[in-house]
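Trainee: Could we go through the labels on this structure together and see what stands behind each one?
Mentor: Gladly, let's take a look.

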Amino acid sequence: MARKKEYPGGFRLTLATARKLALQEFGTAKGLEPDRGTYLEGFFAMRMGNMGVSISPDLGMSGCIVVRAGLCTASHTCVGYFNRETLEPDFDVMDKYERREKREALETWVGDIGPDACHKRIDEVWNRR
């Protein structure tokens, strides 16, 4: 019995779908091609002047398409998650990832300086009001 092919992120993202999403979000899909840096199926990239854009399945298994855009001269990247069927933004997934990042940052902060020091700093800020 033949095994069903597994795709990164759990679904097959085609170049045609990635082009539709690029056109919807950036007004162009010029230069969108398979990402040569990953060699994974369903990963696409394009450059628009000084901005790099990548479109791929979310490997976090949300079932969404993730779009990342960033300037070559900046340290921040904008990330958006889109429903793979409708290509509409999935704000629930964005909120979930944002909460996870905040929780991890809080855990790192408490782990770095200890709970007593964190509590003291929180009390100082709270009592300033």
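This is a predicted model: local features need pLDDT of at least 70, side-chain atom pairs count only at pLDDT 80 or more; totals for chains, interfaces and linings use all residues.

Mentor: Residues are numbered from 1 along each chain as its sequence is written, and side-chain values use heavy atoms, with hydrogens and water left out.

Trainee: What makes Glu41 and Lys5 a salt bridge?
Mentor: The term asks for a side-chain nitrogen of Lys or Arg within 4 Å of a carboxyl oxygen of Asp or Glu. For Glu41 and Lys5 the N to O distance is 3.0 Å, so the pair qualifies. Glu41 sits in the loop between S1 and S2 and Lys5 in the segment before helix H1 (15-26), so the bridge ties together parts that are 36 residues apart in sequence. Helices (H or I, at least four residues) and strands (E, at least two) are DSSP runs, numbered from the N terminus.

Trainee: What separates Lys102 and Glu98 along helix H2?
Mentor: About one helical turn, because they are four residues apart in that helix. Their side chains also meet in a salt bridge, at 3.2 Å from N to O.

Trainee: Why is Lys102 called exposed, but Glu98 partly exposed?
Mentor: Buried means under 20% relative accessible area, exposed over 50%, and partly exposed in between (1.4 Å probe, protein chains only). Lys102 has 56%, so it counts as exposed; Glu98 has 42%, so it counts as partly exposed.

Trainee: And why is Leu87 called buried?
Mentor: Because its relative accessible area is 8%. Leu87 is found in the loop between S5 and H2, and its phi is near 65°, a positive value in a residue other than glycine.

Trainee: How do you know that the lining of the largest pocket has five nonpolar residues?
Mentor: Ala, Val, Leu, Ile, Met, Phe, Trp, Tyr, Cys and Pro count as nonpolar, Asp, Glu, Lys and Arg as charged, and the others, Gly among them, as polar. The lining consists of His76, Thr77, Cys78, Val79, Tyr81, Met94, Tyr97, Glu98 and Glu101, which divide into five nonpolar, two polar and two charged. A pocket here is an open set of points on a 1 Å grid over the protein atoms alone, where a 1.4 Å probe fits, with protein on both sides within 12 Å along at least five of seven lines; lining residues have an atom within 4 Å of a point.

Trainee: Which element gives the largest share of that lining?
Mentor: H2, with four residues.
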